[in-house]
Amino acid sequence: MTVNYNKNEMIPAPVVDPDSKAFWDAVQNQELVFQKCGDCGRLRHPPRPVCPKCRSLNIEWEPSSGKGTIYSKTIYRKSPHPGMKAPFTVVLVELDEGLKLISNMVDIKNDDIKIGMQVEVVFDNLTDDLNLPKFRKVD
Amino acid sequence: MFDQYLSRRYQKFGRPDPSAYLIKDKTAIAGIGATEFSKNSGRSELQMACEAIIDAVEDAGLKMEQIDGLVKFAMDYTDEMHLVSALGIKDLAFFAECGWGGGACCSTISHAAAAVATGMAKYVVCYRAMNERSGRRYGRVPGVETVMAAPNDHYGYIMPYGLAVPPSWVALFGTRYMHDYNVTAEQLGWVSVVLREHACMNPEAMFYGVPATLEDYMASKMIVEPLRLYDCCVDSDGACAIIVTTTERAKDLKQTPAVIMGAVQGIAEQGEMMTSLYRPKISLLPEVWYAGQELWRVSGVTPKDVDVAQFYDAFSPLIPMQMEEYGFVEEGEGALFCEGGERIRIGGELPCNTSGGHLSEAYIHGMNLINEAVRQVRGTSTGQVDDVEISLVTGGLGVPTSAILLRR
């Protein structure tokens, strides 16, 4: 795992609200899903209660392909948080379905992470209550 | 070039006719004030706010009793109620607060200008007081158990991955911006170096007397790639205050009025609090572009008319990115424009951040940039540009943004 969590410290956990609950529930079941408009079919992330295209309140949850490419990245040389050990990289992944997700990479050196690199989702089991979607390089 | 820029994305559907815009030429900045800028003010933010406001009232040649409006930053820990009591302001007819960190700076002026243009108030103070270096320093992650997040800020989608502090948020934009347009570290370095030159002309700047070369920039510590220490603004304690009134009243006061040609705000689709990373393209800044469109629409001028600019510079890549979105250069050419420093230094084609900006003067959430823009109009800057007619200030970006255009 590329991000070295300091297990003696609490890791910042996501805030779950009624709009994001289905996303995080799926993640805890090791599934990556995105919000989809129940009427016009438009995908969106982060979750919000209304479709910005047709203003429908009908929401479906679509399983993601989990596949994408690295769109941007940054390497921390100093940790911003006691729960994480520097250096570590944060990536912005563009998934094949066109949505973007902030995440980390696993099983790779920081300097080997490149824009355009093909990646796929894996689930990092941080605690009994917290999985996070992460990505690994696809050869 | 500008026509091409206009046609790129702007849809003027439903925008009011510029003749309906009551702020242009009829409102002005009549006074500016500030405390010293330091790493540790040693006094309360309330006291800092009071000192800056007293300074601005005196600068304008007003009496405190004449102040009847106050506009604050939503992020400011002081408030209008305590300021009224502390300063002995008699009554306040107009008060408002503006959101989104440094995005609020020029918003405060637009609120104040709207108030004086519509007769809600006569003399409105806009201010920001922050012990940001010695007090609540940004970049400290608040709370380690659960991410502190308003539900719609979506911090929950970024914090667990360690994307926790402002430079890292901007770093993701910066990496992709550099990738999309082949921007080099040296090009960004010139932004930092020129602003330091300007700070070295300004005795009030925190980096006065501390020159830096491109070599110093390249050797400065990497914080969050691609941002080096010299790409980041200087954490500061300080306060600034600005007084807005009608141009007619301002003419009877002590200073040359800085007449407001435009004061605008902008929010665009898929924006987040500094993490608008889910858009199709992140090397563009749609809210900045929109604010620019509004600014040129209401003021009736174009970027080529601007003599001096104070761009919001929390981090150095933001200056070339804004040059593109405000239409000074074409998409992808901002960093090239900054290369070598000639075009952006005093005496250049577009002198930028002439007091040293946030990178080298102080970081007072854009309000010190407004003070400098006013000094440029008055002809009293330590980095004075010759024959300034039109002076631009832009607000914080990567957040809902704002901008003002001033003239002599």
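**View 1. A:Phe88 is a buried residue, with a relative accessible area of 0%, and its ring pairs with that of A:Tyr76.** Here "buried" means under 20% relative accessible area, while exposed means over 50% and partly exposed lies in between, as found with a 1.4 Å probe on protein chains only. The model shown is predicted, so local features need pLDDT of at least 70 and side-chain atom pairs count only at pLDDT 80 or more, whereas totals for chains, interfaces and linings use all residues. Residues are numbered from 1 along each chain as its sequence is written, chains are lettered from A and ligands numbered from 1 in the order in which they are written, and side-chain values use heavy atoms, with hydrogens and water left out. A:Tyr76 is buried as well, with a relative accessible area of 1%. A search of the whole structure gives seven aromatic pairs over all chains, where rings of Phe, Tyr and Trp (its six-membered ring) pair if their centres lie within 6.5 Å, and planes under 30 degrees apart count as stacked, over 60 as edge-to-face and the rest as tilted. The pair of A:Tyr76 and A:Phe88 is stacked, at 4.7 Å centre to centre and with 25° between the planes. This pair links distant parts of chain A, since A:Tyr76 belongs to strand E5 (residues 67-76) and A:Phe88 to strand E7 (residues 88-95), 12 residues apart; helices (H or I, at least four residues) and strands (E, at least two) are DSSP runs numbered from the N terminus.

**View 2. B:Tyr177 and B:Tyr181 form an edge-to-face pair.** Their ring centres lie 5.4 Å apart and their planes stand at 75°. Both residues lie in helix H5 (residues 166-181) of chain B, four residues apart, which is about one turn of the helix. B:Tyr177 is buried, with a relative accessible area of 0%, and B:Tyr181, at 16%, also counts as buried.

**View 3. The charged end of B:Arg196 sits over the ring of B:Phe207, 3.8 Å from its centre.** The charged end of B:Arg196 also sits over the ring of B:Tyr230, 5.2 Å from that ring's centre. A charge sits over a ring if NZ of Lys or CZ of Arg is within 6 Å of the ring centre and within 35 degrees of the ring normal.

**View 4. Strand E4 (residues 124-131) of chain B is largely enclosed by the rest of the structure, because eight of its eight residues are buried.** B:Val124, B:Cys126, B:Arg128 and B:Met130 point one way from E4(B), while B:Val125, B:Tyr127, B:Ala129 and B:Asn131 point the other way. Strand E2 (residues 69-73) of chain B runs parallel to E4(B) and is joined to it by three bridges, with B:Gly69 having B:Val124 as its bridge partner. E4(B) also pairs with strand E7 (residues 237-246) of chain B, in the antiparallel sense over eight bridges, and B:Cys126 stands opposite B:Ile242 there. Two strands pair if DSSP finds at least two bridges between them.

**View 5. Strand E10 (residues 130-137) of chain A is mostly covered, with six of its eight residues buried.** Eight bridges join E10(A) to strand E9 (residues 118-127) of chain A, and the two run antiparallel. A:Glu120 stands opposite A:Arg136 in E10(A), and a hairpin of two residues joins E9(A) to E10(A).
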